[in-house]
Amino acid sequence: MREITADDLHDIARGAAILGTGGGGDPYIGRLLALSAVREHGPVPLVPLTEVPDDAVVLPVAMMGAPTVMVEKLPSAEQVGLAARTLAGYLGKELTHIACAEAGGVNSLIPVVAAAQLGLPLVDADGMGRAFPELQMVLPTLYGIRATPMSIADEKGNRGVLDTVDNRWAERLARSATIDMGCSAMISNYAMSGPQARESLVPGTLSLCAELGALVRAARSEHADPVARVVERLGGRRLFSGKVVDVARRTVTGFARGEARLSGMDGDTGAELVLRFQNEHLVAERDGVVEASVPDLICTVERETGEAVTTEGLRFGQRVTVIAAPADPRWHTPEGIALAGPRYFGYDIDPIGVAG
């Protein structure tokens with residue numbers, strides 16, 4: 001891909017929702033916003049990470065908050081551009097590129113909106129290779145890149161800039177502001193130079209999203225198994241197929257937290273899988289034994305269609321397949337595990353890696 005057109009958005013949204021591991025926000029909302037922006041401003045140039053020049057000023061743009069709230073409290077297109085313009089004005093620099101903070105749902109498409117509005121190219125990369133719930137949980141943190149100065153803006157026009165002592169404090173203060181803004185806000189942070197972006201970001205994310213979406217679409221048109229094609233492309237494995245029998249979900253401290261219980265079907269009949277999540281799926285337990293955990297990806301998709309099911313979209317009676325896929329290898333370094341491994345989220349276990 002060298003540009004993103006209106007025709008590409010459905011595949012990108014579908015693939016981003018899979019990589020989002022249940023979080024990252026509703027892809028349908030992101031697709032509608034991006035579609036409107038691309039129709040108004042034209043296609044968005046997509047730049048490979050290797051082609052970002054040294055003198056670039058790269059700004060990731062994302063939506064922060066609880067996905068359960070985002071479904072009802074829709075962002076405005078103006079809010080997206082406001083976050084990027086506010087940070088650029090504070091930095092006193094001219095932006096050259098927009099980037100994705102994470103691969104997931106709405107947050108793979110919000111940057112398309114920003115790039116279209118501002119007339120800038122979008123970098124084909126992201127900061128995680130998946131979605132994580134907290135602001136500091138990006139690979140740039142491992143490279144010493146500061147989250148702040150960062151901007152935050154709401155749909156009413158309120159905006160501000162935070163400058164914190166470290167990235168954990170950026171998460172704490174931005175989360176508090178997001179709660180006051182109604183549990184969802186637009187942010188721009190991790191301003192990077194070209195060398196910093198090339199070193200720290202995950203390359204090819206948006207192209208992968210589009211590829212995954214196209215794989216699912218093609219499999220369905222061919223009456224093939226879309227889940228099998230996703231598993232093969234990601235080098236992952238099927239964990240479980242079953243029916244959702246219980247969902248306990250609540251919005252707490254700006255996150256959608258909870259668990260879902262699945263009763264096994266087909267080869268998993270008689271077994272139970274429990275998914276524990278904080279915006280994104282963190283741990284999958286089969287009959288009390290942990291089968292997969294962060295930092296690897298745990299994704300829920302509809303059993304027949306391969307469409308991703310977000311944590312806020314899980315409902316009683318849904319028939320889903322849970323798959324696990326390997327994360328970027330940098331997440332499995334000691335520093336990556338300390339930043340986003342199971343123990344950070346309160347689970348006293350070592351990471352359970354995916355045997356593809």
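1. Which residues in α2 meet which residues in α5? On the α2 side they are Leu33, Ala34, Ala37, Val38 and His41, and they meet Ile110, Val112, Val113, Ala116 and Gln117 in α5. By class, this contact splits into 8 nonpolar, 2 polar and no charged residues. Bear in mind while looking that this is a predicted model.

2. Now the geometry of that pair. Helix α5 covers residues 110–118, and α2 packs on α5 at about 20°, with the axes 8 Å apart. Angles under 35 degrees count as roughly parallel, so α2 is roughly parallel to α5. The crossing of α2 past α5 is left-handed.

3. Helix α2 (residues 27–41) also packs with helix α1 (residues 9–19), here at an angle of about 150° and with axes 10 Å apart. That angle makes the two helices roughly antiparallel. The crossing of α1 and α2 is right-handed. From α1, the contact uses Leu9, His10, Ala13 and Ala17; from α2 come Pro27, Arg31, Ala34, Leu35 and Val38. In class terms that is 7 nonpolar, 1 polar and 1 charged.

4. Elsewhere, have a look at the second largest pocket, with a volume of about 250 Å³. It is lined by 15 residues, and the closest to its centre are Gly129, Val202, Leu208, Pro326 and Asp328. The elements giving two or more residues to this lining are β10 (202–203), α9 (205–221) and α10 (226–234).

How values were computed
Residues are numbered from 1 along each chain as its sequence is written. This is a predicted model: local features need pLDDT of at least 70, side-chain atom pairs count only at pLDDT 80 or more; totals for chains, interfaces and linings use all residues. Side-chain values use heavy atoms; hydrogens and water are left out. Axes are lines fitted to C-alpha atoms, for helices over the stretch in contact, and angles run from 0 to 180 degrees between N-to-C directions. Helices (H or I, at least four residues) and strands (E, at least two) are DSSP runs, numbered from the N terminus. Angles under 35 degrees count as roughly parallel, over 145 as roughly antiparallel, 65 to 115 as roughly perpendicular and the rest as oblique. A crossing is left-handed if the near helix is turned anticlockwise from the far one by less than a right angle, and right-handed if clockwise. Contact means heavy atoms within 4.5 Å. Ala, Val, Leu, Ile, Met, Phe, Trp, Tyr, Cys and Pro count as nonpolar, Asp, Glu, Lys and Arg as charged, and the others, Gly among them, as polar. On a 1 Å grid over the protein atoms alone, a cavity is a set of points where a 1.4 Å probe fits but cannot get out, and a pocket is an open set with protein on both sides within 12 Å along at least five of seven lines; lining residues have an atom within 4 Å of a point. Grid points are joined across faces, edges and corners, and a volume is the space filled by probe spheres set on the points.
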